[in-house]
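This briefing goes through one protein chain by topic. The sequence and structure come first, and the notes follow.

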Amino acid sequence: MQDADMKYLIATFLCLGLILNGGAKAEELTLEQALRSVVENTPSASRIARDLEREYARARNWEVLENPELEVNSTVAERDGDRGMEAELTVPLRPSNFGDRQALARAIRDTASLEERAQLLSLLHDTTRRYLDLWQLQRRTDLLRQNIRFAQETSTTIERAARIGEARVSEAHLFRAEVLRYKEELSELEASMRSEQLAFLHFIGRGVQALSLRDPGVPALPSLRELMETAQQGLHRQILEAQRREAQKRLGVAEADAYLPEISPRLSYNRGYGNDREEIGVGVRLRIPFWDRNEADINRARADMHFLETSIAAYDRVGYEKFLARKHEEVTASFDRFSRYRDLILPEYEKSFDSTQKMLSGGQASVLQLWQVHERLLDVRRKSLSVQAEAFSALLELENLVGHPIAGEVQ
(Lines give C-alpha, C1' and ligand atoms only; values in the text may rest on other atoms or scores of the structure.)
Protein backbone atom coordinates (compact mmCIF):
# COMPACT_ATOMS: atom_id res chain seq x y z
CA MET A 1 0.00 0.00 0.00
CA GLN A 2 1.36 3.38 -0.96
CA ASP A 3 1.98 6.12 1.60
CA ALA A 4 -0.75 8.31 0.12
CA ASP A 5 -3.29 5.51 0.44
CA MET A 6 -2.17 4.81 4.00
CA LYS A 7 -2.54 8.48 4.98
CA TYR A 8 -5.99 8.60 3.40
CA LEU A 9 -7.05 5.48 5.30
CA ILE A 10 -5.75 6.84 8.60
CA ALA A 11 -7.49 10.17 8.02
CA THR A 12 -10.72 8.36 7.22
CA PHE A 13 -10.62 6.36 10.43
CA LEU A 14 -9.81 9.48 12.46
CA CYS A 15 -12.78 11.33 10.97
CA LEU A 16 -15.01 8.34 11.60
CA GLY A 17 -13.85 8.20 15.21
CA LEU A 18 -14.58 11.89 15.71
CA ILE A 19 -18.04 11.49 14.22
CA LEU A 20 -18.83 8.51 16.42
CA ASN A 21 -17.52 10.19 19.55
CA GLY A 22 -19.38 13.39 18.76
CA GLY A 23 -22.62 11.51 18.12
CA ALA A 24 -22.38 9.69 21.44
CA LYS A 25 -22.05 12.87 23.47
CA ALA A 26 -25.34 14.03 24.94
CA GLU A 27 -26.34 17.67 24.59
CA GLU A 28 -27.12 19.36 27.89
CA LEU A 29 -30.34 21.33 27.94
CA THR A 30 -31.64 23.76 30.57
CA LEU A 31 -35.26 24.57 31.32
CA GLU A 32 -34.80 28.09 29.96
CA GLN A 33 -33.42 26.74 26.68
CA ALA A 34 -36.33 24.32 26.38
CA LEU A 35 -38.84 27.13 26.92
CA ARG A 36 -37.11 29.30 24.33
CA SER A 37 -37.03 26.43 21.85
CA VAL A 38 -40.73 25.64 22.17
CA VAL A 39 -41.61 29.29 21.51
CA GLU A 40 -39.29 29.67 18.53
CA ASN A 41 -39.40 26.30 16.79
CA THR A 42 -42.75 24.57 17.26
CA PRO A 43 -46.10 24.50 15.47
CA SER A 44 -47.82 24.99 18.83
CA ALA A 45 -46.35 28.49 19.18
CA SER A 46 -47.06 29.22 15.51
CA ARG A 47 -50.67 28.20 16.03
CA ILE A 48 -51.00 30.73 18.85
CA ALA A 49 -49.59 33.48 16.60
CA ARG A 50 -51.91 32.38 13.79
CA ASP A 51 -54.97 32.56 16.05
CA LEU A 52 -53.99 36.08 17.11
CA GLU A 53 -53.66 37.22 13.49
CA ARG A 54 -57.03 35.69 12.68
CA GLU A 55 -58.68 37.63 15.48
CA TYR A 56 -56.97 40.81 14.32
CA ALA A 57 -58.29 40.13 10.82
CA ARG A 58 -61.79 39.63 12.23
CA ALA A 59 -61.47 42.97 14.01
CA ARG A 60 -60.44 44.60 10.75
CA ASN A 61 -63.52 43.20 9.02
CA TRP A 62 -65.73 44.85 11.62
CA GLU A 63 -64.23 48.33 11.39
CA VAL A 64 -63.60 48.67 7.65
CA LEU A 65 -66.29 50.26 5.48
CA GLU A 66 -68.02 48.25 2.79
CA ASN A 67 -66.67 48.75 -0.69
CA PRO A 68 -68.56 51.29 -2.84
CA GLU A 69 -70.61 49.95 -5.74
CA LEU A 70 -70.25 51.33 -9.26
CA GLU A 71 -72.81 50.46 -11.92
CA VAL A 72 -72.16 51.45 -15.55
CA ASN A 73 -74.72 50.92 -18.38
CA SER A 74 -74.66 51.68 -22.11
CA THR A 75 -77.97 53.07 -23.46
CA VAL A 76 -79.58 53.41 -26.92
CA ALA A 77 -82.52 55.81 -27.46
CA GLU A 78 -85.62 54.20 -29.05
CA ARG A 79 -86.52 57.11 -31.33
CA ASP A 80 -83.26 58.33 -32.87
CA GLY A 81 -80.90 55.55 -31.85
CA ASP A 82 -78.70 57.98 -29.95
CA ARG A 83 -76.16 56.17 -27.76
CA GLY A 84 -75.29 57.15 -24.25
CA MET A 85 -73.84 56.02 -20.92
CA GLU A 86 -75.23 55.83 -17.39
CA ALA A 87 -73.02 55.50 -14.28
CA GLU A 88 -74.08 55.29 -10.65
CA LEU A 89 -71.80 55.22 -7.57
CA THR A 90 -73.27 54.01 -4.26
CA VAL A 91 -71.54 54.00 -0.85
CA PRO A 92 -73.42 51.92 1.80
CA LEU A 93 -73.14 53.34 5.32
CA ARG A 94 -74.57 51.71 8.42
CA PRO A 95 -75.33 53.62 11.62
CA SER A 96 -72.78 51.44 13.45
CA ASN A 97 -70.03 52.66 11.09
CA PHE A 98 -69.86 55.91 13.03
CA GLY A 99 -67.97 54.67 16.12
CA ASP A 100 -69.64 51.45 17.24
CA ARG A 101 -67.83 49.11 14.87
CA GLN A 102 -64.46 50.74 15.58
CA ALA A 103 -65.04 50.25 19.33
CA LEU A 104 -65.92 46.59 18.72
CA ALA A 105 -62.73 46.10 16.70
CA ARG A 106 -60.63 47.49 19.56
CA ALA A 107 -62.41 45.20 22.02
CA ILE A 108 -61.73 42.16 19.81
CA ARG A 109 -58.03 43.03 19.63
CA ASP A 110 -57.83 43.48 23.41
CA THR A 111 -59.47 40.11 24.01
CA ALA A 112 -57.25 38.40 21.44
CA SER A 113 -54.07 39.82 23.02
CA LEU A 114 -55.04 38.58 26.48
CA GLU A 115 -56.04 35.16 25.16
CA GLU A 116 -52.71 34.92 23.35
CA ARG A 117 -50.94 35.56 26.67
CA ALA A 118 -52.96 32.83 28.32
CA GLN A 119 -52.29 30.33 25.52
CA LEU A 120 -48.57 31.10 25.52
CA LEU A 121 -48.40 30.74 29.30
CA SER A 122 -50.21 27.40 29.02
CA LEU A 123 -47.66 26.25 26.42
CA LEU A 124 -44.76 27.27 28.68
CA HIS A 125 -46.33 25.43 31.61
CA ASP A 126 -46.87 22.31 29.52
CA THR A 127 -43.21 22.45 28.49
CA THR A 128 -42.11 22.89 32.11
CA ARG A 129 -44.14 19.89 33.24
CA ARG A 130 -42.72 17.73 30.45
CA TYR A 131 -39.20 18.92 31.28
CA LEU A 132 -39.69 18.08 34.97
CA ASP A 133 -41.15 14.66 34.19
CA LEU A 134 -38.19 13.82 31.95
CA TRP A 135 -35.73 15.26 34.47
CA GLN A 136 -37.26 13.11 37.21
CA LEU A 137 -37.03 10.05 34.98
CA GLN A 138 -33.42 10.86 34.11
CA ARG A 139 -32.54 11.36 37.78
CA ARG A 140 -34.25 8.13 38.87
CA THR A 141 -32.29 6.31 36.16
CA ASP A 142 -29.02 7.79 37.45
CA LEU A 143 -29.89 6.80 41.02
CA LEU A 144 -30.68 3.27 39.92
CA ARG A 145 -27.34 3.00 38.10
CA GLN A 146 -25.59 4.13 41.28
CA ASN A 147 -27.58 1.60 43.26
CA ILE A 148 -26.56 -1.18 40.87
CA ARG A 149 -22.88 -0.31 41.26
CA PHE A 150 -23.23 -0.31 45.02
CA ALA A 151 -25.16 -3.59 44.99
CA GLN A 152 -22.52 -5.24 42.79
CA GLU A 153 -19.72 -4.09 45.09
CA THR A 154 -21.64 -5.25 48.15
CA SER A 155 -22.46 -8.60 46.53
CA THR A 156 -18.79 -9.15 45.72
CA THR A 157 -17.82 -8.34 49.31
CA ILE A 158 -20.41 -10.74 50.76
CA GLU A 159 -19.44 -13.56 48.37
CA ARG A 160 -15.81 -13.15 49.37
CA ALA A 161 -16.80 -13.20 53.04
CA ALA A 162 -19.04 -16.26 52.51
CA ARG A 163 -16.15 -18.23 51.00
CA ILE A 164 -14.07 -17.78 54.18
CA GLY A 165 -17.02 -18.35 56.49
CA GLU A 166 -17.53 -14.75 57.64
CA ALA A 167 -20.97 -14.41 56.00
CA ARG A 168 -23.88 -16.71 55.25
CA VAL A 169 -24.30 -18.10 51.75
CA SER A 170 -27.96 -17.06 51.80
CA GLU A 171 -26.89 -13.41 52.09
CA ALA A 172 -24.74 -13.78 48.97
CA HIS A 173 -27.70 -15.22 47.07
CA LEU A 174 -29.90 -12.37 48.30
CA PHE A 175 -27.56 -9.66 47.04
CA ARG A 176 -27.07 -11.38 43.69
CA ALA A 177 -30.85 -11.41 43.31
CA GLU A 178 -30.98 -7.72 44.22
CA VAL A 179 -28.45 -6.90 41.50
CA LEU A 180 -30.50 -8.78 38.91
CA ARG A 181 -33.69 -7.06 40.04
CA TYR A 182 -32.12 -3.61 39.84
CA LYS A 183 -30.77 -4.34 36.35
CA GLU A 184 -34.25 -5.33 35.19
CA GLU A 185 -35.71 -2.12 36.62
CA LEU A 186 -32.95 -0.14 34.93
CA SER A 187 -33.71 -1.74 31.58
CA GLU A 188 -37.36 -0.70 31.89
CA LEU A 189 -36.46 2.82 33.00
CA GLU A 190 -33.97 3.33 30.16
CA ALA A 191 -36.53 2.19 27.59
CA SER A 192 -39.10 4.57 29.07
CA MET A 193 -36.59 7.42 29.16
CA ARG A 194 -35.65 6.94 25.49
CA SER A 195 -39.31 7.08 24.51
CA GLU A 196 -40.05 10.13 26.68
CA GLN A 197 -36.91 11.90 25.51
CA LEU A 198 -37.88 11.44 21.86
CA ALA A 199 -41.37 12.79 22.57
CA PHE A 200 -39.96 15.78 24.46
CA LEU A 201 -37.49 16.65 21.70
CA HIS A 202 -40.30 16.53 19.16
CA PHE A 203 -42.46 18.72 21.40
CA ILE A 204 -39.84 21.47 21.80
CA GLY A 205 -38.69 21.29 18.18
CA ARG A 206 -35.12 20.07 18.63
CA GLY A 207 -33.40 17.33 16.67
CA VAL A 208 -30.44 16.19 18.80
CA GLN A 209 -29.72 12.49 19.11
CA ALA A 210 -28.93 12.37 22.84
CA LEU A 211 -30.09 14.71 25.55
CA SER A 212 -29.15 15.41 29.15
CA LEU A 213 -31.34 17.75 31.20
CA ARG A 214 -29.87 20.08 33.78
CA ASP A 215 -31.34 20.19 37.27
CA PRO A 216 -33.99 23.00 37.26
CA GLY A 217 -33.03 23.79 40.84
CA VAL A 218 -35.06 26.26 42.92
CA PRO A 219 -36.12 29.49 41.16
CA ALA A 220 -36.22 32.67 43.19
CA LEU A 221 -39.73 33.93 43.97
CA PRO A 222 -40.76 37.59 44.17
CA SER A 223 -42.21 38.86 47.40
CA LEU A 224 -45.96 39.00 47.83
CA ARG A 225 -45.88 42.79 47.59
CA GLU A 226 -44.00 42.67 44.27
CA LEU A 227 -46.42 40.05 43.05
CA MET A 228 -49.44 42.16 43.97
CA GLU A 229 -48.05 45.11 42.01
CA THR A 230 -47.72 43.11 38.79
CA ALA A 231 -50.65 40.73 39.17
CA GLN A 232 -53.43 43.34 39.01
CA GLN A 233 -56.66 41.33 38.79
CA GLY A 234 -55.22 38.14 37.35
CA LEU A 235 -55.15 37.13 33.73
CA HIS A 236 -58.27 35.00 33.92
CA ARG A 237 -60.38 37.87 35.20
CA GLN A 238 -58.85 40.24 32.66
CA ILE A 239 -59.93 37.87 29.88
CA LEU A 240 -63.45 37.63 31.30
CA GLU A 241 -63.66 41.43 31.51
CA ALA A 242 -62.34 41.82 27.96
CA GLN A 243 -64.86 39.28 26.67
CA ARG A 244 -67.63 41.13 28.50
CA ARG A 245 -66.59 44.42 26.86
CA GLU A 246 -66.49 42.70 23.48
CA ALA A 247 -70.02 41.34 24.00
CA GLN A 248 -71.15 44.82 25.08
CA LYS A 249 -69.71 46.36 21.91
CA ARG A 250 -71.35 43.67 19.78
CA LEU A 251 -74.63 44.55 21.43
CA GLY A 252 -74.01 48.22 20.64
CA VAL A 253 -73.43 47.45 16.96
CA ALA A 254 -76.51 45.26 16.72
CA GLU A 255 -78.75 47.84 18.42
CA ALA A 256 -77.39 50.73 16.34
CA ASP A 257 -78.25 48.90 13.11
CA ALA A 258 -81.60 47.66 14.45
CA TYR A 259 -83.44 50.97 14.72
CA LEU A 260 -81.84 53.33 12.17
CA PRO A 261 -81.76 52.67 8.41
CA GLU A 262 -78.65 51.91 6.39
CA ILE A 263 -77.88 54.98 4.29
CA SER A 264 -76.35 54.65 0.84
CA PRO A 265 -75.52 58.02 -0.79
CA ARG A 266 -75.74 57.86 -4.58
CA LEU A 267 -73.98 59.85 -7.31
CA SER A 268 -75.27 59.35 -10.87
CA TYR A 269 -73.95 60.52 -14.22
CA ASN A 270 -75.74 60.32 -17.62
CA ARG A 271 -74.36 61.32 -20.99
CA GLY A 272 -75.72 61.10 -24.54
CA TYR A 273 -73.01 60.94 -27.20
CA GLY A 274 -75.18 62.24 -30.06
CA ASN A 275 -76.39 65.49 -28.52
CA ASP A 276 -73.62 65.92 -25.95
CA ARG A 277 -76.21 65.86 -23.18
CA GLU A 278 -74.83 65.41 -19.64
CA GLU A 279 -76.75 64.96 -16.40
CA ILE A 280 -75.40 64.69 -12.87
CA GLY A 281 -77.60 63.65 -10.01
CA VAL A 282 -77.33 62.89 -6.30
CA GLY A 283 -79.62 60.87 -4.13
CA VAL A 284 -79.83 58.46 -1.24
CA ARG A 285 -80.96 54.88 -0.83
CA LEU A 286 -82.34 53.75 2.55
CA ARG A 287 -82.42 50.19 3.81
CA ILE A 288 -85.08 50.30 6.53
CA PRO A 289 -84.90 47.72 9.36
CA PHE A 290 -88.58 46.83 9.24
CA TRP A 291 -88.72 43.02 9.37
CA ASP A 292 -85.21 42.17 10.54
CA ARG A 293 -84.17 44.20 13.58
CA ASN A 294 -81.09 42.12 14.48
CA GLU A 295 -83.02 40.29 17.19
CA ALA A 296 -80.77 37.22 16.93
CA ASP A 297 -77.55 39.23 17.30
CA ILE A 298 -79.00 41.28 20.14
CA ASN A 299 -80.20 38.24 22.08
CA ARG A 300 -76.89 36.44 21.55
CA ALA A 301 -74.88 39.43 22.77
CA ARG A 302 -77.12 39.90 25.82
CA ALA A 303 -76.80 36.21 26.71
CA ASP A 304 -73.02 36.42 26.45
CA MET A 305 -72.95 39.53 28.63
CA HIS A 306 -75.09 37.90 31.30
CA PHE A 307 -72.88 34.81 31.40
CA LEU A 308 -69.67 36.84 31.59
CA GLU A 309 -71.00 39.21 34.25
CA THR A 310 -72.03 36.19 36.33
CA SER A 311 -68.57 34.64 35.87
CA ILE A 312 -66.83 37.86 36.91
CA ALA A 313 -69.05 38.19 39.99
CA ALA A 314 -68.30 34.59 40.99
CA TYR A 315 -64.57 35.22 40.48
CA ASP A 316 -64.67 38.37 42.62
CA ARG A 317 -66.49 36.61 45.45
CA VAL A 318 -63.46 34.37 45.94
CA GLY A 319 -61.32 37.37 46.92
CA TYR A 320 -58.42 37.52 44.49
CA GLU A 321 -55.87 39.16 46.76
CA LYS A 322 -56.51 36.74 49.62
CA PHE A 323 -56.39 33.79 47.25
CA LEU A 324 -53.15 35.09 45.72
CA ALA A 325 -51.58 35.54 49.15
CA ARG A 326 -52.58 32.02 50.15
CA LYS A 327 -51.16 30.53 46.96
CA HIS A 328 -47.92 32.53 47.32
CA GLU A 329 -47.57 31.21 50.86
CA GLU A 330 -48.11 27.67 49.60
CA VAL A 331 -45.45 28.02 46.90
CA THR A 332 -42.95 29.54 49.32
CA ALA A 333 -43.52 26.69 51.78
CA SER A 334 -43.11 24.10 49.00
CA PHE A 335 -39.77 25.49 47.87
CA ASP A 336 -38.58 25.93 51.46
CA ARG A 337 -39.39 22.28 52.02
CA PHE A 338 -37.41 21.25 48.95
CA SER A 339 -34.49 23.43 50.05
CA ARG A 340 -34.46 21.70 53.45
CA TYR A 341 -34.38 18.31 51.77
CA ARG A 342 -31.61 19.39 49.40
CA ASP A 343 -29.45 21.40 51.81
CA LEU A 344 -30.10 19.79 55.21
CA ILE A 345 -31.76 16.37 55.19
CA LEU A 346 -30.02 14.80 52.19
CA PRO A 347 -26.48 15.87 53.22
CA GLU A 348 -27.03 14.32 56.68
CA TYR A 349 -28.00 10.98 55.15
CA GLU A 350 -24.96 11.15 52.86
CA LYS A 351 -22.74 11.77 55.90
CA SER A 352 -24.34 8.80 57.66
CA PHE A 353 -23.64 6.60 54.66
CA ASP A 354 -20.00 7.74 54.46
CA SER A 355 -19.56 7.11 58.20
CA THR A 356 -21.03 3.63 57.93
CA GLN A 357 -18.67 2.83 55.06
CA LYS A 358 -15.71 3.85 57.22
CA MET A 359 -17.07 1.78 60.11
CA LEU A 360 -17.36 -1.21 57.79
CA SER A 361 -13.73 -0.82 56.76
CA GLY A 362 -12.75 -0.79 60.44
CA GLY A 363 -14.85 -3.82 61.30
CA GLN A 364 -17.34 -1.80 63.36
CA ALA A 365 -20.34 -2.30 61.04
CA SER A 366 -21.73 -5.12 58.95
CA VAL A 367 -22.49 -5.14 55.27
CA LEU A 368 -26.19 -5.43 56.03
CA GLN A 369 -26.03 -2.28 58.15
CA LEU A 370 -24.36 -0.44 55.29
CA TRP A 371 -27.03 -1.73 52.91
CA GLN A 372 -29.82 -0.50 55.19
CA VAL A 373 -28.27 2.98 55.41
CA HIS A 374 -27.88 3.05 51.63
CA GLU A 375 -31.55 2.13 51.15
CA ARG A 376 -32.58 4.97 53.46
CA LEU A 377 -30.35 7.36 51.50
CA LEU A 378 -31.96 6.22 48.24
CA ASP A 379 -35.44 6.76 49.69
CA VAL A 380 -34.54 10.31 50.75
CA ARG A 381 -33.15 11.08 47.29
CA ARG A 382 -36.37 9.87 45.70
CA LYS A 383 -38.40 11.86 48.21
CA SER A 384 -36.38 14.97 47.38
CA LEU A 385 -37.29 14.54 43.71
CA SER A 386 -40.96 14.19 44.63
CA VAL A 387 -40.84 17.34 46.79
CA GLN A 388 -39.19 19.24 43.95
CA ALA A 389 -41.97 18.20 41.55
CA GLU A 390 -44.62 19.31 44.06
CA ALA A 391 -42.90 22.69 44.46
CA PHE A 392 -42.85 23.33 40.72
CA SER A 393 -46.47 22.24 40.41
CA ALA A 394 -47.45 24.83 43.02
CA LEU A 395 -45.35 27.45 41.20
CA LEU A 396 -47.15 26.81 37.90
CA GLU A 397 -50.51 27.20 39.64
CA LEU A 398 -49.38 30.56 41.02
CA GLU A 399 -48.15 31.71 37.61
CA ASN A 400 -51.44 30.67 36.07
CA LEU A 401 -53.26 32.73 38.70
CA VAL A 402 -51.05 35.78 38.11
CA GLY A 403 -51.03 35.44 34.34
CA HIS A 404 -47.30 35.62 33.58
CA PRO A 405 -44.03 33.87 34.56
CA ILE A 406 -42.77 35.04 37.94
CA ALA A 407 -39.78 32.84 38.72
CA GLY A 408 -36.38 34.48 38.84
CA GLU A 409 -32.88 33.05 38.49
CA VAL A 410 -32.28 29.53 39.74
CA GLN A 411 -30.73 29.38 43.18
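**Helix packing**

A34, S37, V38 and N41 in α2 meet F200, F203 and I204 in α5, where contact means heavy atoms within 4.5 Å. The model is predicted: local features need pLDDT of at least 70, side-chain atom pairs count only at pLDDT 80 or more, and totals for chains, interfaces and linings use all residues. Residues are numbered from 1 along each chain as its sequence is written, and side-chain values use heavy atoms, with hydrogens and water left out.

- Helix α2 spans residues 31-41 and helix α5 spans residues 169-204; their axes come within 7 Å and cross at roughly 55°.
- The axes are lines fitted to C-alpha atoms, for helices over the stretch in contact, and angles run from 0 to 180 degrees between N-to-C directions.

**Chain totals**

- The protein chain has 10 helices and 6 strands; helices (H or I, at least four residues) and strands (E, at least two) are DSSP runs, numbered from the N terminus.
- Of the 411 residues in the protein chain, 36% are buried; buried means under 20% relative accessible area, exposed over 50%, and partly exposed in between (1.4 Å probe, protein chains only).
- Among contacts in the protein chain with a separation of 6 or more, 80% join residues 24 or more positions apart.

**Nonpolar surface patch**

- L70, V72, L89, L267, I280 and V282 make a nonpolar surface patch of about 620 Å².
- Two or more patch residues come from each of β2 (69-76) and β6 (277-287).
- I280 lies in strand β6 and counts as exposed because its relative accessibility is 67%.
- Patch residues have over 30% relative accessible area and no salt bridge, and nonpolar side chains (Val, Leu, Ile, Met, Phe, Trp, Tyr) are joined within 5 Å, like charges within 9 Å.
- A salt bridge is a side-chain nitrogen of Lys or Arg within 4 Å of a carboxyl oxygen of Asp or Glu.

- R101 is in helix α4 (residues 100-163) and is buried, with a relative accessible area of 8%.
- Leaving aside residues up to four places away in sequence, R101 touches W62, E63, R94, S96, V253 and D257.
- N294 is in the loop between β6 and α8 (295-318) and is buried at 18% relative accessible area.
- Although N294 is not a glycine, its phi is positive, at about 60°.

Terms used
Accessible areas come from the Shrake-Rupley method with a 1.4 Å probe; for residues, only the protein chains shown count as cover.
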